[in-house]
Amino acid sequence: MKILGLSCSPRKQGNTDILVGEALNGAKHEGAEVELYSVSGKDIKPCDGCWSCFGTGKCHIKDDMQTVYQKMIEADGIIFGTPIYIYSMTAQAKALIDRTLALSSPEKSLANKVGGVIVVAGSIGIIDAVKDLYFFIAMHKMLPANLVGAYANNKGEVRKLEQGMKAAWELGREMVQIAAKKFEFPSEFARNFFAYGTHTH
Ligand SMILES: Cc1cc2nc3c(=O)[nH]c(=O)nc-3n(C[C@H](O)[C@H](O)[C@H](O)COP(=O)(O)O)c2cc1C
């Protein structure tokens with residue numbers, strides 16, 4: 001059982017890293033192998049919309065996302081953590097989730113992996129990022145675990161939020177327990193950009 005924490009803050013050892021780390025501590029306590037991957041200092045380019053990955057499972061952009069793909073494929077559960085930047089997820093988080101278009105083939109897929117969400121804001125604006133991340137989780141046929149939303153601004157301030165830290169720990173534990181159920185969506189019903197949501201033709 002592997003739980004991967006993706007921290008999409010460019011600020012090293014900031015509030016997102018801390019909360020994602022605490023969720024991983026909870027997952028480890030529950031028996032999982034855990035890894036924290038921070039995008040800080042990494043080269044994760046935006047999707048260029050070439051669509052060559054769709055069906056092949058291979059993205060032609062050679063950057064650090066290739067490592068992230070591998071880690072995501074190997075994980076049973078993935079925590080998506082982001083601070084709020086101007087009422088939204090960070091540019092790094094959006095680049096990363098857009099690039100998961102490459103994980104839409106049956107051979108390389110995020111289906112049936114557990115998805116957890118951690119969002120940190122200074123004062124206001126978490127809801128759109130939460131909604132976007134849960135939609136992303138649903139679109140990939142992942143299994144949604146809990147959400148942790150915390151309000152902290154200065155680096156490390158989140159440690160003072162007793163309930164927030166506890167919620168993160170519990171998220172990690174919950175993800176391991178959900179993954180242990182080994183639920184699988186029926187493969188007959190695809191969900192991807194063409195099969196999920198509104199249909200126009
Ligand atoms: C460019 C930028 C934009 C931000 N926009 C918001 C915002 O819209 N709402 C808010 O509450 N906090 C905002 N913040 C504050 C961060 O969400 C907050 O400091 C958070 O704790 C940072 O997490 P980190 O330590 O993991 O980087 C912004 C910070 C930066 C640097």
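Colleague: First, what kind of model is it?

Modeller: The model is predicted.

Colleague: Fine. Which residues come nearest to the ligand?

Modeller: There are 17 residues around the ligand. S9, T16, S123, A152 and N153 come nearest.

Colleague: How do those 17 residues divide by type?

Modeller: The shell around the ligand has 9 nonpolar residues, 7 polar and 1 charged.

Colleague: And polar atoms of the backbone? What distance does S123 show to a ligand oxygen?

Modeller: For S123, a polar backbone atom sits 2.7 Å from an oxygen atom of the ligand. N15 also has a polar backbone atom by a ligand oxygen, at 2.8 Å. Y87 does too, at 2.9 Å.

Colleague: How much of the ligand does the protein bury?

Modeller: The protein buries 78%. That is out of 640 Å² exposed by the ligand taken alone.

Colleague: Which elements give two or more residues to the shell?

Modeller: Helix α1, residues 15–29, and strand β4, residues 114–121.

Colleague: Back to N15. Where does N15 lie?

Modeller: N15 lies in helix α1.

Colleague: Is N15 buried or exposed?

Modeller: Buried. N15 has 5% relative accessibility, and the cut-off for buried is under 20%, so N15 counts as buried.

Colleague: What is the phi of Y87?

Modeller: About 60°, a positive value, although Y87 is not a glycine.

Colleague: What about W51, what is its phi?

Modeller: The phi of W51 is near 65°, again a positive value in a residue other than glycine. W51 is found in the loop between β2 (33–38) and α2 (65–74).

Colleague: Is W51 buried or partly exposed?

Modeller: Partly exposed. Its relative accessibility is 41%, and the class runs between 20% and 50%, so W51 falls there.

Colleague: H60, then. Where is that one?

Modeller: H60 is found in the loop between β2 and α2. At 43% relative accessibility, H60 counts as partly exposed.

Colleague: How far is H60 from M72?

Modeller: 17 Å, C-alpha to C-alpha. H60 and M72 are 12 residues apart in sequence.

Colleague: How many cavities of 30 Å³ or more turn up?

Modeller: A search of the whole structure finds 1. The volume of the largest cavity is about 80 Å³.

Colleague: Which residues line the largest cavity?

Modeller: There are 13 lining residues. C47, D48, C53, C59 and R99 lie nearest the centre of the cavity. The lining divides into 9 nonpolar, 1 polar and 3 charged.

Colleague: Two more residues. Where is K2?

Modeller: K2 lies in strand β1, residues 2–7. K2 is partly exposed, with a relative accessible area of 30%.

Colleague: How far is K2 from G31?

Modeller: Their C-alpha atoms are separated by 9.3 Å. K2 and G31 are 29 residues apart along the chain.

Colleague: And R173, where does it sit?

Modeller: R173 is in helix α5, residues 162–180. With a relative accessible area of 23%, R173 is partly exposed.

Colleague: What separates R173 from I118?

Modeller: 14 Å between the C-alpha atoms. Along the chain, R173 and I118 are 55 residues apart.

Methods. Residues numbered from 1 in each chain as written. Predicted model: local features only at pLDDT ≥ 70, side-chain atom pairs only at ≥ 80, totals over all residues. Heavy atoms only, no water. Near = heavy atom within 4 Å. Polar contact = N/O pair within 3.5 Å; in protein donor to acceptor, adjacent residues only side chain to side chain. Areas by Shrake-Rupley, 256 points an atom, 1.4 Å probe, with all protein chains shown as cover. Helix = DSSP H or I, 4+ residues; strand = E, 2+ residues; numbered from the N terminus. Nonpolar A, V, L, I, M, F, W, Y, C, P; charged D, E, K, R; others polar. Buried < 20%, exposed > 50% of the residue type's maximum accessible area, 1.4 Å probe, protein only. 1 Å grid on protein atoms, 1.4 Å probe; cavity = no way out; pocket = protein on both sides within 12 Å on 5 of 7 lines; lining within 4 Å. Points joined across faces, edges and corners; volume = space filled by probe spheres on them.
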